[in-house]
Amino acid sequence: MNGPGNDHAETHMNGLFSSAGQSSRRQFLNRTGMGMGALALAQMLQEDGLLAAPPKPISKPAHYDLTPKPPMFEPQARAVISMFMHGGPSHVDLFDPKPELQKRDGQDYPGEIVYSFVNRASKKLLGSPWKFAHHGQSGTAVSELLPHTAKIIDDVCVIRSMHTGHNGHEVSIRYFHGGIAGILGRPTLGSWVVYGLGTENQNLPAYMVLTDPDGLPVDGVTNWSNGFMPPMFQGTVLRPREPRIFNLNPPEYLRGEVQKRNLAFLRELNAEHADKYPGEGDLEARIASYELAARMQTAATDALDISNESEATKKLYGIDDPVTREYGTRCLIARRLVERGVRFVQMFLGGQPWDNHSDIKKTLAGICAKTDKPAAALVYDLKSRGLLDSTIVHWGGEIGRLPVTEGTGPGAGRDHNGQGFTVWLAGGGFKGGMTYGATDEFGHKAVENVVTPNDFQATLLNRLGLDHTKLMYQHNGREERLTSNAPNARVVKEILV
Amino acid sequence: MIDFQITNMVGRIFGLILASSTLTAFAEDVTAKKEAKPEISAQLTFEKDIKPILRAHCLDCHGGVEGKKGKLDMRLVRTMLSGGETGPAIEPGNVDESYLIARIVDHEMPPKGAGVSPAELEKLKTWIAQGAKTARPEPAPEALGTTLGLTPEERAYWAFRPIADPTPPSVKSTGRVRTTVDKFLLASLEPLGIGFREDADKLTLIRRVTLDLAGVPPSPAEVRAFLADNRPDAYERLVDRLLASPQYGERWARHWMDVAGYADSDGGSAADTDRPHAWRYRDWLIRAFNDDKPLDAFLTEQLAGDEFVPRPWNNLTPHQVDLLTATGFLRMPADPTAADYSETARNQVMTDTIKVVTSTTLGLSVACAQCHDHRYDPISHVDYYRLRGMFDPALHWEGFRQPGARVVSLYRDLDRAAAAAVEEQVKPLAEKRAAYQADAMKRALVKELEKYQEPLKSQLKTAAETAADKRTPEMNALLDANPSVKISPGVLYQYLPDAAEELKKMDAAIGAVRAKKPPENFIAIYDEPPDRKPPVTKRLHRGDYRQPLEEVKPGIPEVLKPEGAVLDLDGTVQPAGHSSGRRTAFARWLFSDENPLTARVLANRIWMHHFGRGLVATAGEFGRLGEPPTHPELLDHLASELKRNGWRLKNFHKLIVLSSAYRQKAVRDPGRMSDDPDADGRLLSRFPVHRLDAETIRDRILAASGHLDNQMYGPPVDVQADDSGQVVVAGDSGRRSVYVKQKRSQPVSLMAAFDAPVMETHCERRTSATVATQSLMLLNGTFLLGEANRLAIAALDQKFVPEMIQAESISKGLASGTKMPDEPAALSGAVATIWERTLSRPPSEKELGRSLEFVREHVRTGAPPLPGLKGDNARDKYLTALAHLGQSLMASNEFLYTD
């Protein structure tokens with residue numbers, strides 16, 4: 001793939017991620033002062049038939065850090081806020097109206113369907129109980145369940161043709177986060193972003209995850225795993241309760257002057273030790289990391305304190321309403337984090353609130369009521385502060401729901417659907433007020449401009465100035481990419497500004 | 001083919017020539033040339049130069065597992081010439097007419113992946129221009145079968161060559177040669193005009209070698225004794241003592257647990273079910289290291305211990321129990337099948353098992369060949385399934401047994417008889433209970449139905465009394481509409497509380513009788529079901545278990561056997577008639593002279609643990625995707641020594657830790673700060689400063705505070721979330737970290753922060769990150785703060801007293817600064833104790849004085865008291881200040897790094 005500014009990409013890759021790539025060998029030797037013995041060895045290995053050297057560095061970088069890295073090409077966005085709506089938001093009730101489905105409500109779906117819950121499976125089409133209307137100048141269709149999202153819809157790009165090909169939550173969630181369906185143990189999207197770009201505010205974690213008071217999402221902490229990357233690329237959890245960040249604040253008796261004195265003493269100890277071992281980079285890095293830790297205590301406390309936000313802002317996010325207060329607070333904090341240079345923020349919900357297998361009329365309405373206003377407020381607020389252009393806002397789950405009913409009567413719901421569903425993106429170089437792709441006439445399968453999670457990832461990375469085929473990490477001697485299994489993943493150019 | 005020795009000599013001579021020139025300038029010159037035109041002058045051959053490029057980019061689709069797209073087979077020059085649908089792929093001598101080049105230049109081929117690099121393209125062009133030569137006449141395409149074919153060049157890769165057992169080179173600085181290791185290292189240093197640093201002082205040495213061999217710091221008394229031991233062999237004695245200590249096994253078992261992927265939970269799914277018997281395998285490992293079990297037995301038992309134990313397994317001897325426990329190794333990969341019995345999950349267990357076994361024993365990324373021929377190493381798709389055949393009898397997704405079904409009871413016949421006798425006593429009680437419950441349910445229903453009118457009453461009665469699986473939909477609907485008549489045993493208490501109480505009493509009585517049974521213990525083992533024939537192993541299209549291709553005989557990858565040798569595992573070993581014997585055959589082969597990899601891989605891994613870096617830095621990857629060895633001859637020497645020592649480790653450790661290389665200072669030569677030919681220390685011109693691993697950090701903290709509990713073995717110490725939600729060791733336990741529960745979904749926060757692996761599959765080499773979360777953990781985390789408080793109390797109460805520092809130093813230290821009026825008499829002693837116990841050395845007079853000043857400052861400024869202290873008396877104030885001192889010392893680099 002030849003993105004804009006490919007030349008930069010080359011420099012970037014060699015300078016940064018493949019410290020001893022062919023063309024930067026000299027630089028590598030200079031930096032490490034690798035001795036002649038090693039060079040002679042390299043010569044020996046040349047003789048040894050190691051001629052078509054695999055495209056890989058001889059050595060991993062000596063250490064990793066989170067300092068800002070230049071993107072590979074001119075970026076459109078510098079930060080991401082992802083509202084992960086796991087469970088499978090019912091696209092046919094929210095963003096993807098299907099007249100045919102309404103018309104044939106109660107009739108049999110004319111085709112094959114893959115179910116997850118066979119015991120309650122049915123082929124009977126279930127028309128959406130909710131009305132859709134066209135909104136904004138773009139006239140994008142939005143369900144009456146999302147009145148607030150409808151108001152910002154001109155800033156939103158709705159993708160109706162998402163496809164994982166898997167019905168399961170875990171399988172698809174891992175596809176979205178780690179890049180390979182069903183596989184755990186890989187770095188997540190946020191890890192790749194902060195690995196590639198570092199972060200702008202060294203006093204705050206680069207990759208932050210806001211969890212729900214009702215508990216962790218399906219798959220727990222692996223949703224923000226660093227996988228095979230060093231732990232610094234893991235999402236830092238901002239907990240819904242105090243302490244919001246583990247160990248951020250000292251216990252009462254250590255606060256203030258006491259800890260300052262301790263840190264000063266520690267600095268002395270470490271300085272003397274470092275004098276003894278000059279040139280040991282890791283010792284110096286650790287000294288710096290104590291300084292950072294001290295600064296983080298202030299910076300993070302400040303970022304989380306929303307008491308100085310205006311009443312109007314709080315109201316905008318629904319913080320005045322018990323239904324929206326919690327999610328609204330998190331959306332507001334997400335904005336504050338991005339404002340302060342945090343690179344990647346992801347919000348999760350407890351359990352599977354979008355997994356509306358039964359009683360969809362009540363359960364879907366409930367989760368919409370909790371999230372609609374805050375999510376819309378986030379886009380609106382970012383825009384009014386001039387931050388939307390540089391921030392990608394993502395709303396979406398890992399799957400959607402079937403057009404047929406699961407169960408009958410008032411308890412009816414919809415089963416999983418990995419064949420076609422909707423997510424939306426706003427800001428950060430995405431076209432507002434557009435819909436992209438389409439599902440079949442009932443909303444079961446994506447049939448037009450299909451977008452896989454890998455395409456989605458490639459596109460997000462592209463907006464951040466990263467080429468998914470070139471953002472590589474050496475693991476066990478192999479070059480891993482977020483899209484390792486899909487080198488042909490495409491940047492969805494049609495939705496880019 | 002160039003002989004390995006000669007190649008090495010060439011390398012050395014090359015190094016020598018370079019050493020005499022201006023080093024850096026010349027180095028740049030050499031590399032600059034290399035970059036510009038990668039040796040175009042030489043005559044390129046297909047086998048040596050071109051096939052690796054095609055293997056990486058083309059062969060999957062043109063000759064390999066995906067067939068011959070466009071009818072083009074690029075495995076051989078002859079088939080490239082005969083060409084495919086669009087004609088010949090190359091035109092020897094004519095680059096411009098060669099279709100292959102045109103397709104690459106147009107970015108049409110390869111259609112995916114990173115693409116052919118400019119250097120590779122240049123090489124392809126040169127080769128074609130030179131006439132597209134082969135090194136020798138090529139075989140017929142049919143002779144290759146479905147593989148890519150093995151060339152002598154591929155067999156000649158360094159890691160596949162026989163272990164050379166080179167004679168240690170002679171060196172100039174003979175005074176620095178203590179063991180043969182030194183000769184090999186000096187031989188690469190001397191041409192650069194450098195050598196080892198001088199020996200580290202005794203204080204440093206005892207700290208270094210104790211942390212390395214035992215994973216805990218030396219106690220102050222041990223340090224004092226070592227300092228006072230003036231015998232010439234004091235250090236050797238120290239090493240012997242450490243190797244004989246039980247802590248040695250705990251430390252080195254932990255290293256192996258990394259590569260095995262040890263966990264006390266099943267992983268692979270969010271359920272992360274517990275793995276209740278894993279610890280017995282951990283204990284087996286600790287015993288094996290402490291007993292100095294030879295590595296061949298060590299690995300054979302782990303791979304195939306079950307094949308040495310004749311069935312039935314009813315009355316196992318302790319030795320047989322050990323053999324079966326060892327197979328716990330093969331039970332370490334993530335196995336979610338207790339919670340997720342999907343075909344994918346079952347198949348994944350197999351995949352992970354192969355990955356762990358091959359990278360552990362062979363140091364090759366064989367797993368790459370699951371879907372296609374390995375792109376860089378000569379491991380074919382078929383080879384992968386040869387190895388997979390080893391595990392098909394037990395792990396094939398059809399006939400797969402869930403974790404709970406793969407355990408052996410340690411009951412003997414005697415125990416079984418005793419248990420059966422107890423069950424006999426239970427029988428009448430259980431019958432009585434069942435009858436009572438049935439009656440109670442009836443009574444409850446009758447009572448509940450009183451609330452209803454006819455005809456509903458009778459309809460409900462019929463529905464409720466019909467067995468659940470016999471009910472008609474109408475009955476179900478009726479019951480659903482009137483849920484209160486759906487009385488189950490679980491809700492009986494809501495209807496008849498007295499009856500429920502009575503049942504509880506009966507349960508208790510039954511429980512009391514059952515408690516008389518002898519306790520039944522289990523081990524989780526790996527075995528092949530005795531009643532089932534091994535399934536036929538098949539190659540799988542793109543690794544998909546649903547797309548089997550042709551049959552593959554279980555065996556060894558072709559490149560690892562001599563040309564023409566039989567690769568099969570079947571039939572080489574006849575086990576006791578209940579197992580295929582494939583794993584035993586594999587283990588035998590691992591330690592045969594035929595296989596150069598295992599000895600090298602194991603020797604390298606041990607070296608890595610001593611120095612913090614392997615001779616091959618990628619300890620789990622010796623293939624072309626890994627890094628080459630910094631000292632290939634030394635690596636072969638170590639591999640040979642390992643064999644010569646009868647595969648026993650303890651003597652082997654001595655070869656390393658008694659060397660001058662290991663004993664030298666970690667401080668750089670101040671004379672070559674800016675111009676060090678060994679700037680990154682890879683050539684070991686100094687001992688490498690490196691951070692302690694997570695377990696050692698925690699254990700060292702516990703040792704410092706006196707909280708370390710030396711109890712060995714047994715079920716893991718539990719973990720739990722603390723008030724803040726962080727995962728901590730439960731019950732404030734002071735057990736060593738190796739005994740702390742390794743639950744994949746709940747890694748202890750402190751350990752994970754310091755890079756303890758959270759096992760997804762396994763860990764070949766730990767990372768060592770430096771991040772603020774670690775600092776926050778040491779500044780504000782409850783664990784370190786608690787241990788610092790403990791240490792302060794023990795020091796001030798003189799439970800521990802200074803062992804190393806001279807009395808006069810204490811008094812001198814005391815004299816510095818201004819004494820506070822309420823100062824406890826033991827204060828300076830306590831300060832010295834805290835230094836000794838944290839850093840394993842006495843403070844200098846200056847450090848003592850400065851520390852006292854630090855303590856006094858906290859007291860003077862009225863630092864708030866530690867939790868639990870009132871702070872209104874001198875003792876509380878000084879305890880608080882001393883805790884701050886201890887915490888600072890334990891958070892310092894000197895504490896966290898070995899030097």
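**View 1. Buried residues in helix 3 of chain B.** In helix 3 of chain B (residues 46–57), twelve of the twelve residues are buried, among them Phe46(B), Ile50(B), Ile53(B) and Leu54(B). A residue is buried if 20 or more other C-beta atoms, placed from the backbone, lie within 10 Å of its own. Helices (H or I, at least four residues) and strands (E, at least two) are DSSP runs, numbered from the N terminus. The cover over helix 3 of chain B includes helix 4 (77–82), helix 6 (118–129) and helix 7 (152–155) of chain B.

This is a predicted model: local features need pLDDT of at least 70, side-chain atom pairs count only at pLDDT 80 or more, and totals for chains, interfaces and linings use all residues. Residues are numbered from 1 along each chain as its sequence is written, and chains are lettered from A and ligands numbered from 1 in the order in which they are written.

**View 2. Helix 16 of chain B (residues 343–361).** Of the 19 residues in helix 16 of chain B, 15 are buried. After helix 16 of chain B comes Gly363(B), with a positive phi near 60°.

**View 3. Strand 7 of chain A (residues 344–347).** Phe344(A) and Gln346(A) lie on one side and Val345(A) and Met347(A) on the other, all buried. Strand 7 of chain A runs parallel to strand 1 of chain A (residues 79–84), joined by four bridges; two strands pair if DSSP finds at least two bridges between them. Here Val80(A) has Phe344(A) as its bridge partner.

**View 4. Strands 5 and 7 of chain A.** Strand 5 of chain A (residues 207–210) pairs with strand 7 of chain A in the parallel sense over four bridges. Met347(A) in strand 7 of chain A stands opposite Leu210(A).

Definitions and conventions:
The expected span of a helix is 1.5 Å times one less than its number of residues. Two residues are in contact if their C-beta atoms, placed from the backbone, lie within 7 Å.
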